[in-house]
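Subject: Structure handover and findings

Hello,

Have a look at it first, then read my notes.

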Amino acid sequence: MTQTQKTPLGRKIGRFLFLVLIHMLLSLPFKVMIMIPGFTDIRPVTCLQPIFGLFFGQTGALAFAVGNLISDVLSDSLQWSCIAGFIANYLYVVMVYKLWHMIRKKAFSLRDSHDFLAYIAIILISAVVLTVMISFGVYAVQPEVDLVTLIGTIFCNNTIFPIILGAPIMIIMQEEFHLLDLWTRRKKEESADGDSPAEK
């Protein structure tokens, strides 16, 4: 009987910390681009959301959520609404991965127009869910906030950057550096596990 190989805990932790660091390096320099003080700003770091989800799954989702929380702490913009932000950012990253495999049912790729249109649709769906969650969380804490600006900024951050920056980055990752998405890595591991001699 064979057993599916599991990633060692130390490697998982190292990967998680590396992803959090990447998030911090990309998020903190842009914290000065504030739209609503203490609540939202221009966030190019959201381009990492689909990358973290499609290439790292749950680990990437947790890393993005934690990185976002740490970024809020270090920029002195921590609010009770950050709880909603933590949950929403985690779910967004997970949703991108799950929805891709529900809709396309194959390894991630943006090589043809159908794949790219599916990717855009997934980003839009995930962004709507995230925007609703975070907007509700912020409004519950600060009802006098400019809700239109808040919703517009959150939605644009989580659609524009994942599409115009995230998509090209992932194409380069796959085409130039031959990095495998999470689904492909798991299939290869399952195939290798199935080809290994049965345990006696």
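First, how to read the numbers. This is a predicted model, so local features need pLDDT of at least 70 and side-chain atom pairs count only at pLDDT 80 or more, while totals for chains, interfaces and linings use all residues. Residues are numbered from 1 along each chain as its sequence is written, and side-chain values use heavy atoms, with hydrogens and water left out.

**Overall picture**

The protein chain has six helices and two strands. Both kinds of element are DSSP runs, numbered from the N terminus: helices are H or I with at least four residues, strands are E with at least two. From the N terminus on, the order is α-β-β-α-α-α-α-α.

Of the 200 residues in the protein chain, 42% are buried. Buried means under 20% relative accessible area, exposed means over 50%, and partly exposed lies in between (1.4 Å probe, protein chains only). The protein chain exposes about 10,900 Å², and carbon and sulfur atoms supply 69% of that area. Accessible areas come from the Shrake-Rupley method with a 1.4 Å probe; for residues, only the protein chains shown count as cover.

Now the contacts (heavy atoms within 4.5 Å). Take those in the protein chain with a separation of 6 or more: 74% of them join residues 24 or more positions apart.

**Helix 3**

Helix 3 covers residues 82-103, which is 22 residues. Its expected span is 1.5 Å times one less than its number of residues. Just after helix 3, Lys 105 takes a positive phi of about 55°.

**The core**

In soluble globular proteins, nonpolar side chains tend to be buried together. A nonpolar core is a set of buried Ala, Val, Leu, Ile, Met, Phe, Trp, Tyr and Cys residues joined through side-chain atoms within 4.5 Å. The largest one here has 42 residues. Phe 52, Leu 54, Phe 108, Tyr 119 and Met 170 have the most contacts inside it. Helix 1 (9-27), helix 2 (48-74), helix 3, helix 4 (113-141) and helix 5 (147-175) each supply at least two residues of this core. Which helix gives the largest share? Helix 3 does, with nine residues.

Look at Tyr 119 in detail. Leave aside its neighbours within four places in sequence. Its contacts then include Pro 50, Leu 54, Trp 100, Phe 108, Pro 162 and Met 170.

Leu 28, Leu 69, Ile 70, Val 73 and Leu 74 make a nonpolar surface patch of about 390 Å². Patches are made of residues with over 30% relative accessible area and no salt bridge; like charges are joined within 9 Å, and nonpolar side chains (Val, Leu, Ile, Met, Phe, Trp, Tyr) within 5 Å.

Val 73 is in helix 2. Its relative accessible area is 45%, so Val 73 is partly exposed. Ile 70 is also in helix 2. With 33%, Ile 70 is partly exposed. Not counting residues up to four places away in sequence, Ile 70 touches Val 20 and Met 24. The C-alpha atoms of Ile 70 and Met 24 are 7.9 Å apart, although 46 residues separate them along the chain.

Ile 13 sits in helix 1. Is Ile 13 buried or partly exposed? At 44% relative accessibility, it counts as partly exposed. Its C-alpha atom is 8.7 Å from that of Thr 59, 46 residues away along the chain.

**Salt bridges**

A salt bridge is a side-chain nitrogen of Lys or Arg within 4 Å of a carboxyl oxygen of Asp or Glu. The count is five.

- Asp 115 and Lys 106 meet at 3.1 Å, N to O. Asp 115 is buried at 1%, whereas Lys 106 is partly exposed at 28%. Arg 104, Lys 106 and Asp 115 are linked in a network of salt bridges.
- Arg 111 pairs with Glu 175, with the closest N and O atoms 2.8 Å apart. This pair links distant parts of the chain: Arg 111 is in the loop between helix 3 and helix 4, and Glu 175 is in helix 5, 64 residues apart.
- Lys 187 pairs with Glu 190 at 4.0 Å between the closest N and O atoms. Both lie in helix 6 (residues 182-195), three residues apart, about one turn of the helix.

Best wishes
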